[in-house]
Amino acid sequence: MIVTVETTPFGDQKPGTSGLRKKVPVFAQKNYAENFIQSIFDSLEGFSGKSLVIGGDGRYYNREVIQKAIKMAAAAGFGKVMVGKGGILSTPAASNVIRKYEAFGGIVLSASHNPGGPNEDFGIKYNIGNGGPAPEKITNAIFARSKTITEYKIADCPDIELDAVGTQTVEGMTVEVIDPVADYAELMESLFDFAAIRALISGGTRVVIDSMGAVTGPYATEILERRLGAPSGSVRNAVPLPDFGGHHPDPNLVHAKELYDDVMSPDGPHFGAASDGDGDRNMIVGKGMFVTPSDSLAIIAANATVAPGYARGIAGIARSMPTSAAADKVAEKLGIGMYETPTGWKFFGNLLDAGMATVCGEESFGTGSDHVREKDGLWAVLFWLNIMAARKESVADIVRKHWAEYGRNYYSRHDYEEVDTDAANGLMAALRGKLATLPGTKIGALTVEAADDFAYHDPVDHSVSENQGIRVLFEGGSRVVFRLSGTGTSGATLRVYVERYEPDPANHGIDTQEALADLIAAADTIAEIGKRTGRSAPTVIT
Ligand code: G16
């Protein structure tokens with residue numbers, strides 16, 4: 001039986017950089033998840049009888065919301081739901097399933113790299129038929145609907161069996177529980193030279209992946225250990241747990257420090273990688289070399305043709321504005337298009353669909369390509385292994401040679417987390433207020449050349465997205481960028497992105513923070529970070 005339940009709106013269901021993210025107790029409020037899911041359905045048209053993909057990263061509250069979403073999809077008139085066994089689908093795997101089976105769209109439950117647990121984070125995101133995050137036009141419509149919603153519809157039926165692959169029926173709608181790994185593993189095998197990577201591993205290159213107790217465990221185990229022959233145990237923290245085993249599943253130098261230290265130790269593995277809660281981020285570490293996500297994008301683009309799936313070359317590269325310009329040098333050399341978008345993977349969708357860009361990346365540990373419409377952690381890992389196998393070189397050698405050829409973009413991001421929201425907004429407003437007067441200002445040896453608030457004009461659908469981050473460009477090509485995170489769940493997070501281009505290989509061995517010290521100080525002078533936030537140092541430096 002389908003029932004209609006009366007409800008009242010919540011005022012805070014505005015999707016951020018990547019869907020709606022809140023603490024579990026917020027989502028657990030009566031009707032909260034239902035309101036948002038119904039607002040999604042109410043913002044879509046033409047899905048009657050079509051398929052919807054549902055899956056999540058297995059975090060706390062995943063199963064509860066999956067049951068609600070399936071029952072509500074049946075009530076809304078979908079013809080079929082495809083759901084990962086156990087409610088599991090990594091974000092890139094969900095994107096692949098949507099595309100492969102030509103679903104109408106998908107609901108992905110995740111708060112990405114944010115911690116999980118009864119008092120931690122949860123999230124709901126809607127992806128469209130191309131497999132990518134809904135564009136702003138749709139997320140704005142969802143938010144508008146959430147402010148006026150008065151009722152939702154749901155099938156009143158027992159819970160769906162999620163733990164066995166097979167088909168069931170809910171109020172006339174088919175529910176197919178699928179193997180979450182099989183389609184994804186097949187896709188990876190079609191893109192990369194598995195034989196060469198197998199030879200690399202059997203030849204003695206030791207590879208480890210830290211899945212951080214999150215969703216990539218089953219994917220990495222199937223691909224790295226079963227298909228590529230890495231010894232059992234090469235995938236660490238491989239079982240997805242509702243609280244990620246207490247890990248903060250954010251693959252960076254702070255939260256994946258154990259892996260980093262292991263790879264850096266003399267007897268440790270040659271190559272290490274980590275992924276995040278929902279499997280779309282990646283961190284790449286080789287012996288003696290941490291690869292910044294911005295460099296990773298540039299190096300993957302420069303070497304793309306070694307992988308069979310990209311043997312014909314790439315059409316263009318896209319990066320988010322705060323990501324370093326390392327990839328721009330590669331695009332220039334290859335004579336292909338380079339696109340600079342706002343932060344958020346959703347902005348890449350149009351460029352990928354139009355065939356203008358083939359690979360994309362973000363400084364926030366995200367890299368991917370047109371094989372799906374999400375960033376893809378394991379894809380990046382396999383790309384690196386394929387490059388190492390083809391070039392027969394270590395990560396450190398590949399990176400150093402790349403810098404020697406293209407120059408090095410020293411790069412770092414300083415995050416000030418859980419800052420008072422008013423203070424953070426005040427800081428950004430003050431920066432906006434002085435944009436016109438900044439050019440010409442001298443700070444130590446630095447001179448401001450230009451300053452603006454980044455606005456993106458989408459070359460495909462011509463939509464405009466404004467206020468996407470303050471850029472301060474200095475003479476000589478260095479820059480600092482300021483923006484507020486759109487994924488945090490408490491207070492505000494100020495992100496400061498710092499970059500300096502160094503063409504001379506003789507200067508490529510400097511410690512990053514040292515190489516950027518004058519710019520870091522200038523950022524504080526310009527934005528009055530210490531004075532306005534009361535913080536003397538960032539919470540996280542990546
Ligand atoms: C999301 C988005 C990314 C973005 C990142 C950080 O990643 O998909 O495009 O770069 O958040 O965003 P912000 O700086 O606004 O916090 P994920 O992995 O959290 O889905």
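I note here that the model is a predicted one. Arginine 281 sits in the loop between strand E12 (271–275) and strand E13 (282–286). I then listed what arginine 281 touches, leaving out residues up to four places away in sequence. The list holds Ser112, His113, Asp250, Pro251, Ala274, Ser275, Asp276, Ser364, Phe365, Lys375 and Gly377. I also took the C-alpha to C-alpha distance from arginine 281 to valine 5, which is 38 Å for a separation of 276 residues in sequence.

**Entry: helices H8 and H13**

Two packed helices are described by the angle between their axes and the distance between the axes. I looked up both values for helix H8 (residues 216–227) and helix H13 (residues 377–391): the angle is about 25° and the axes are 11 Å apart. Angles under 35 degrees count as roughly parallel, and H8 and H13 are therefore roughly parallel to each other. I recorded their crossing as right-handed.

Which residues of H8 meet H13? From H8 I noted Thr216, Tyr219, Ala220, Ile223 and Leu224, and they meet Leu378, Leu382 and Leu385 in H13. Sorted by class, this contact of H8 with H13 has 7 nonpolar residues, 1 polar residue and no charged residues.

**Entry: helices H10 and H11**

I repeated the look-up for helix H10 (residues 293–302) and helix H11 (residues 326–334). Their axes come within 7 Å and cross at roughly 15°. H10 and H11 are therefore also described as roughly parallel to each other. The crossing of H10 and H11 is left-handed, whereas that of H8 and H13 is right-handed.

On the H10 side I listed Ser294, Asp295, Leu297, Ala298, Ala301 and Ala302 as making the contact, and on the H11 side Ala326, Ala327, Val330 and Leu334. By class, I recorded 8 nonpolar, 1 polar and 1 charged residues for the contact of H10 with H11.

**Entry: salt bridges**

Side chains of opposite charge can pair when their charged atoms come close. How many salt bridges does the structure hold? The count I found is 37. I looked at three of these pairs in detail.

Arginine 63 counts as partly exposed because its relative accessibility is 40%. Aspartate 163, at 41%, counts as partly exposed too.

I next examined glutamate 222 and arginine 226, a salt bridge in which the closest N and O atoms are 2.9 Å apart. Both residues lie in helix H8, 4 residues apart, about one turn of the helix.

The next pair was aspartate 261 with lysine 257, for which the closest N and O atoms are 2.8 Å apart. These two residues are 4 residues apart in helix H9 (residues 257–264), so about one helical turn separates them. I found aspartate 261 partly exposed, with a relative accessible area of 36%. Lysine 257 counts as partly exposed as well, at 45% relative accessibility. I also noted a network, in which salt bridges that share partners join Arg319, Asp328, Glu340, Asp452 and Arg471.

**Entry: positive phi values**

Most residues other than glycine have a negative phi. I therefore looked up residues that depart from this pattern. Asparagine 237 has a positive phi of about 45° although it is not a glycine. I placed asparagine 237 in the loop between strand E11 (235–236) and H9. With 35% relative accessibility, asparagine 237 counts as partly exposed.

Lysine 392 also has a positive phi, near 55°. Where does lysine 392 lie? I found lysine 392 in the loop between H13 and helix H14 (395–406). Its relative accessibility is 71%, so lysine 392 counts as exposed.

Technical notes
Residues numbered from 1 in each chain as written. Predicted model: local features only at pLDDT ≥ 70, side-chain atom pairs only at ≥ 80, totals over all residues. Heavy atoms only, no water. Axes fitted to C-alpha atoms, helices over the stretch in contact; angles between N-to-C directions. Parallel < 35°, antiparallel > 145°, perpendicular 65-115°, else oblique. Left-handed = near helix turned anticlockwise from the far one by under 90°. Contact = heavy atoms within 4.5 Å. Nonpolar A, V, L, I, M, F, W, Y, C, P; charged D, E, K, R; others polar. Salt bridge = Lys/Arg side-chain N within 4 Å of Asp/Glu carboxyl O. Buried < 20%, exposed > 50% of the residue type's maximum accessible area, 1.4 Å probe, protein only.
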